[in-house]
Amino acid sequence: MLVLSVISLLTLTGRLFHLQILRYRHYAEKARKKCLLLEVVTPRRGSITDRNRLPIAYDATTYDLAVVPARFDRLLRLVLRLRAIGVPNPEKVFSLTAQTNRVVVLCPISERRLPYILRAPLSDGSLFTLQRGKTVLLAATPELLSETRKMLVVVAELTGQNPKKLMSRYTKIRQKIITCKNGYERRHLMGSPYVLAERIGRFVAMRVEAEGWRLPGVCVVERKRRRYAGEAFGTLTGYLRLINADEAKELRAQGRIISRGYNSPSTYERIASADCYFWDERVGAFRLEAALERRLRGRKGVRLLERDIEEGGYCVLSEVKAKAGENVRLNIDADLQKVAYEALKKRGFRGAVVLVDPNSGAILAMASYPSFDPAKIKAPKYYKEIMKRGGLIERCGGACYPPGSTVKPLVAAAALAEHIITPQTTVTCRGYYRSRKAFRCWIYPNAHGPLNVTSAIERSCNVFFFEVAERLGGEKLAKWLARFGLGEKPADIPWSKRGFLPSPSNTHPWYRGYGRLVAIGQGQLLASPLQIARAMCAIATGKLPLLRLFDETPPQSRPLGIPESVLDVVRDGMRLVVESRHGTAHKTGLSAFYAAAKTGTAEVSKKRHLNHAWIAGFAPYDAPKVVFVVLVEKVRGHGGQVAGPVAEEVLKAFFGERKRAER
Ligand SMILES: [Zn+2]
């Protein structure tokens, strides 16, 4: 046993001696020629599409033309070798190139060094020696000296670039390599693609690859750039920006941030075990790009390569495959979204337009003005301009407003369902309620006279709803408004706000007058346009759906618990808003679409006569196919006048589309 151990120990020692001492030179040489490289593969970021799979945000592939100096520039290799053996100023070789078509003497050289200089890829006879007396001189053919230049001319021809410009770009990397003190970094620069021309186009890229045989070291690098469908979608998609300092700090603490071009094996391990970011990587900022960051980005892959410095080839030692980002499909109709956005933009209206399919809860459009073009936001000037005009607000779900009279149909339904009033109950409007100061009807000093619930909705009489609120009481009023989804998240949208539904249980102290204000959509009541759209869906169909921006969200709804007979009374009132001579939206063209609607005018500033102008409703009233909400911030004028024409334009587009689709 002992003998056996001794023998094996001796064998092992012998082998080690052989490897480490005798064959040292051989292996050291081999290791020097090879170089381990990490290649990080960043996957395509998933795209965001509309309901018809039209891209709204997507990665487009562009092609850059690059050169790998180690293979492309034999002259540079020569210079580096000459410098390594101590030849002074070897860089002057570059300036010799254009001079002559004869053999050029480069420098005296010791014969002992020759094999090192004449190794591949310079062993093809383009370098040779001349004997002059006792000195040996190194000389080169003019072909070698002009080789790089000639290749750059071919590259310029293929890509349609200016050859001088390419040369000056290339000279920069040459200079960087020559002045690089760190051997490891220099080898890396020599072996990595350096981009000479950006966005060369697919066709040119194909030509370059086809011509590859006469252009050693020239390659095409694929790059991905984020593209967007434009301004109409800016507030919805958001944009990409560089990782900020706080995020970098957090990622660093988690060991999830990596540097480019840093090839340590620990980087490989990190990418293999966690989702890593580069320091200079772009991440989703704002809205969908931010909310879906995790899903859209996919996960990086990594390959450990062994690259042969001499030959330029490589082999893959190990690999973790990249995972592509997921694609996300929205229920948005891109064409409708554009129409809705333009309708606001051309009038200069700050505000929101929402279109929803009331039967499925699918959000067909949610436009918000002002918006921004995500593709341009990288420019600091553009960004500043946007910030100045407040363009980064998503007004459909991310902002809340007093909803004004658009809540009156909900209050009417509540009162009817609670049997506090019947469809025949009348209230007489004298222009104010109890006090002339605080609770006026909007047409004060005139008066509406006696009204039932239908005509109170039609004419938007405040006094009628003050009376109803008084009879209902704050608690019940809040209970019924909550059934219509006020005070809760209306949609599957991460940033959608809850708004505020005041009730005696969440507002202290609670004064009796608060209920009256809630009943006309003022006071502390706040709702987003999406919430109002959802409530309109409930009136239209009798069920409260979850609004769905994402195609993947299954349709879901809850019963409203209000009899159809009650809803019919409310729908009649909303129908009259559009149809009747007294209706607050009768001058708009909404009757052409058999729409039922309610206008709203929420006072913002009495002094400057500024209001939030609303119109909300559905069409056609007997078989609702679409719910619409238009909000215009801080304008002069009333809901019907201001928001009505916007709604008309959007409905025209909606029903126009539908007709085309049915054909
Ligand atoms: Zn009135």
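Predicted model: local features only at pLDDT ≥ 70, side-chain atom pairs only at ≥ 80, totals over all residues.
Helix α7 spans residues 142-159 and helix α8 spans residues 163-179. Their axes come within 9 Å and cross at roughly 125°. Angles from 65 to 115 degrees count as roughly perpendicular and those over 145 as roughly antiparallel, and α7 and α8 are therefore oblique to each other. The crossing of the two helices is right-handed. On the α7 side, the contact is made by R149, L152, V153, V155 and A156. These residues meet P163, L166, M167 and Y170 of α8. By residue class, the contact of α7 with α8 contains 8 nonpolar residues, 1 charged residue and no polar ones.

Cis peptide bonds occur at two prolines. Y369 and P370 are joined by a cis peptide bond with omega about 0°. P370 belongs to the loop that runs between β17 (363-369) and α17 (380-388). A cis bond also links H508 to P509, with omega about -5°. The loop holding P509 lies between α21 (474-483) and α22 (512-519).

N89, a residue other than glycine, has phi near 45°, and is placed in the loop between α4 (74-84) and α5 (92-96). Because a residue with 12 or fewer other C-beta atoms within 10 Å is classed as exposed, N89, with 10 such neighbours, counts as exposed. R199, also not a glycine, has a positive phi of about 45°. R199 sits in the loop between β7 (194-197) and α10 (202-210). With 12 other C-beta atoms within 10 Å, R199 is exposed.

Key. Residues numbered from 1 in each chain as written. Axes fitted to C-alpha atoms, helices over the stretch in contact; angles between N-to-C directions. Helix = DSSP H or I, 4+ residues; strand = E, 2+ residues; numbered from the N terminus. Parallel < 35°, antiparallel > 145°, perpendicular 65-115°, else oblique. Left-handed = near helix turned anticlockwise from the far one by under 90°. Contact = placed C-beta atoms within 7 Å. Nonpolar A, V, L, I, M, F, W, Y, C, P; charged D, E, K, R; others polar. Buried ≥ 20, exposed ≤ 12 C-beta atoms within 10 Å, placed from the backbone.
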